[in-house]
Amino acid sequence: MTAFRAPGLGRRTALAGSAAILAAPWIRSARAAEDTIKLGLVFAKQGTWTEQGEQLVSGARIALEQAGGKALGRPVELVWLDEPSPQVAQQNMQKLVEEEKVAAVIGGTNSGTSLAMASVAKRAKVPYITPNAAAREITGKDCNRYTFRVLTTTPVASRAMAPHLTAIGKKWYFLTASYAFGQDIYTSMKGLLEEAGGREVARDNTPLGTTDFSSFILKIRSARPDVVVAGLPGGDLSTFLKQYGEMGMKGRIPVACPIIGDADLWAIGPQAATGIFGKPWHFSDPTNPEADRTFAAAYQARHNKPAADKAWLGWMSMRTLLGGIEQAKSVKPQDIVAALETARFPDGAVDAYYRSWDHQMLRRCLVMKVKERITDRWDWLDLLAQAPEKPGELEALYGTQAEIGCQMEAP
């Protein structure tokens, strides 16, 4: 190749120019790579949480596609790593920060892995959004400036549901799994029961992954409570409700759980499905805003089935993260955090937002009931109520700073 040689330039200068021309495509390629914004995803690819992980990622990808695959006019690349355990989730988030140089991370199909990753967010000072963790500590005593949460906390979901259960009766039987989520439901719901003047009939703790609930169901039948409050994770709840129906208990004593996922309900089958459940979102909710309806239609078109609430949680997490980056006009961690603390997102009658002092997303809660007669393949729930009933009660529903216990570090 002959290099262009301007008058007055020496041979050395001309050779340098030739080298520069030869290197130019590689320089452009490096610059293009630098212009790409990387965002990390840490969700289950194996084990109990696999289906939820896939739904969360599917929702996040749709949000990115709806944004044109870009933020700040730059292409966005998603890097998805696994979370088979809290320890590995923590290691993989660290890998995303140190090796992939991500601007932020979305992750956590459960409270255990989310708490582990929140500690990395604090230490590495990288923005982190957890879509699907309900344990109060995340935005409570273990809160930190870099961690944000989308899912309604267990105490808030319990507060939204409790009035509907006390209207049925005030003698409750608690069946809760022996881990953070189950214990959180027990603590929250028992407190609300006592405030309403009710009493606990009995309580059973079940090992995580229980496959035979028959002995517990016999005890429930004997105790004859007004309501069974089930603090069970998805797979365990599905197993329990199937066996509850098989033992002739469906329709005799109502079952309730403050937080449930669509996949957990669909796994039961329409014959055994029963109960009153709290949800963050439902695909057929007539009060869904336009953006949510557009997302639901996009998901339906792609997957040939409705969007589960987990898919919406992934979508909302990515939507808010991209919105925060756009508002910040920056991918610097402190700028993204500051933007997320002030951004507002259309969500029906009242905008959703991350509360600045604990980074909990504040938005409406749904209380749903399984239809008496299921005729649709997917839509098994009717909307009983939304909480709060009045827009001005949103802050009160989610609790005061003294109740939450978040003492966030200074910027």
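**Exercise 1.** Determine whether Y179 and F181 are buried or partly exposed, and classify their ring pair.

*Solution.* Y179 has a relative accessible area of 21% and is therefore partly exposed; the class runs between buried, under 20%, and exposed, over 50%, for a 1.4 Å probe and protein chains only. F181, at 9% relative accessibility, is buried. This is a predicted model, in which local features need pLDDT of at least 70, side-chain atom pairs count only at pLDDT 80 or more, and totals for chains, interfaces and linings use all residues. Residues are numbered from 1 along each chain as its sequence is written, and side-chain values use heavy atoms, with hydrogens and water left out.

Next, consider the rings. The structure holds 12 aromatic pairs (rings of Phe, Tyr and Trp, the last by its six-membered ring, with centres within 6.5 Å; planes under 30 degrees apart are stacked, over 60 edge-to-face, the rest tilted). For Y179 and F181, the centres are 6.2 Å apart and the planes stand at 55°, so the pair is tilted.

**Exercise 2.** Classify the ring pair of F240 and Y244.

*Solution.* The ring centres lie 5.1 Å apart with planes at 40°, so this pair is tilted. F240 is buried at 0% relative accessibility, and Y244 is buried with a relative accessible area of 0%.
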